[in-house]
Structure formats: structure tokens, C-alpha cells
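Below is a short briefing on one structure.

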Amino acid sequence: MVRRRRRRALYALIAIAAVVGIVVAVAGPVQKGIREIVLPLQHEDIIRQQAHEKNLDPALIAAVIYQESKFEDRTSSAGATGLMQLLPDTAKFIAHKTGGSAFELRDLATPQINIAYGSWYLRYLIDRYGGNETLAVAAYNAGEQNVDRWVRAAGGPDKFDPQRDIPFAETRAYVASVSAHRKQYRKHYAHELGIAH
């Protein structure tokens, strides 16, 4: 009787250990799969390349792509195209500035060109706003003229508070989301994005 109880207890422990082993073995891939749905990342080789060329944080590029398109090639109702949702006039401006004389709007459907142009524009905006990435991200969403007006109304870039001084709810949410997702990309995709810890 005692021997039988011990044997049952031993079998129960073995079964529990097996279940725990299966859960542990499956948990990693399941978590990774969920993360890839919730926080997708594609074209990391292009993102790394453009981040290096444009002296940008690759997590910032990934966060802007996430916010703009969730890594899906699409065209908005306003005509913004591709992963980084570039408007035709913005893309033509970038092509002119970068010597893209053979550029055609349909080229924005190509991830390499779209991410290169979007990254160039991010770098341009960061430089334009004296290294202030918050203002650059706001301008990526709302346009330079709006941000210039908001900065003047705030009393200058040093006094600018995105939560207080951005009157557009969409742009406030955009800036906050890019900032939050940038941290998530740094945390979860540091290796893929070539970010050293």
C-alpha cells in the first residue's frame, strides 16, 4: 500500500516535470510569436544600414515604421506611400536633395528606397531642430510649419513640452507612441537591430 502510494507520487512528479518541461520549451517560441504579431519587425538589414548611414538610432526608425504602417506596405487616403508613409511632395523633395534624378513615385513601394528616404527625412528633421528628436518626430507627423508655429508659441525649443504644446491630439499620441515603441524595439530587438547593450 505504501509502496503503491510512493509509486503514484513518483509518477505524478514525473508527469508534472514533463508538463513543466513542455511549457518551458514552448513558452519561448510562443512569446516570440506573440511579440512578432504585437511588435513586428521586418527589413532589419535595411534599417541597420540606413541607421548607420544616417547616424540614427535603428530603434527610432523601426518605431516610426511601426507607427506609420505596422510594417505593411500601404498607401494612405492622403497619398502617403510605403512603410514610412511618405507623401509624394516629401519624396520629391528628398529625391531633389539627394540627387535621385531617376526617382519615380512608384519607387516608394520598394522597402530599400522607402526606408532610405524616410530615414533621410528623419535625419533632416533632427538636424533642422538642432538634434531635438521629439520635435523631429512631431514634424514627421504634422509637418514642419505646424511644429515651427508650436515652438514659437511655446517660447522656443527649450520650453517646448509635447504634451502641453502640441495642439493636435493625433500628433501628441504619435510622438508618445513612437517614444514608447522605440524603447520596446531597443529592448526586444537589440540583436536584430545591431544595438549594443
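**Helix H9**

Helix H9 spans residues 169–188, 20 residues in total. Its first and last C-alpha atoms lie 28 Å apart, close to the 28 Å expected at 1.5 Å a residue. That expected span is 1.5 Å times one less than the number of residues. Helices here are DSSP runs (H or I, at least four residues), numbered from the N terminus.

The model is predicted: local features need pLDDT of at least 70, side-chain atom pairs count only at pLDDT 80 or more, and totals for chains, interfaces and linings use all residues. Residues are numbered from 1 along each chain as its sequence is written, and side-chain values use heavy atoms, with hydrogens and water left out.

**Burial of H9**

- Thr-171, Tyr-174, Val-175, Ser-177, Val-178, His-181, Arg-182 and Tyr-185 of H9 are buried. Buried means under 20% relative accessible area, exposed over 50%, and partly exposed in between (1.4 Å probe, protein chains only).
- The cover over these residues includes H3 (58–69), H6, H7 (144–154), H8 (162–165) and H10 (190–193).

**Nonpolar core**

- The largest nonpolar core holds 52 residues. Such a core is a set of buried Ala, Val, Leu, Ile, Met, Phe, Trp, Tyr and Cys residues joined through side-chain atoms within 4.5 Å.
- Ile-47, Ile-61, Tyr-140, Tyr-185 and Leu-193 touch the most other members.
- H2 (44–54), H3, H4, H5 (111–128), H6, H7, H9 and H10 each give two or more residues to this core. H3 has the largest share, eight residues.
- Beyond its neighbours within four places in sequence, Leu-193 is in contact (heavy atoms within 4.5 Å) with residues including Leu-41, Ile-47, Pro-58, Ala-62 and Tyr-185.

**Largest pocket**

- The volume of the largest pocket is about 290 Å³. On a 1 Å grid over the protein atoms alone, where a 1.4 Å probe fits, a pocket is an open set with protein on both sides within 12 Å along at least five of seven lines; lining residues have an atom within 4 Å of a point.
- Of its 15 lining residues, Gln-85, Leu-87, Thr-90, Tyr-140 and Asn-141 are the closest to its centre.
- H4 (88–98) and H6 (133–142) each supply at least two lining residues. H6 gives the most, with three.

- Lys-70 lies in the loop between H3 and H4. Its phi is near 55°. Its relative accessibility is 36%, so Lys-70 counts as partly exposed.
- Phe-71 is in the loop between H3 and H4. Its phi is positive, about 65°. Phe-71 is buried, at 3% relative accessible area.
- Most residues other than glycine have a negative phi.

How values were computed:
Grid points are joined across faces, edges and corners, and a volume is the space filled by probe spheres set on the points.
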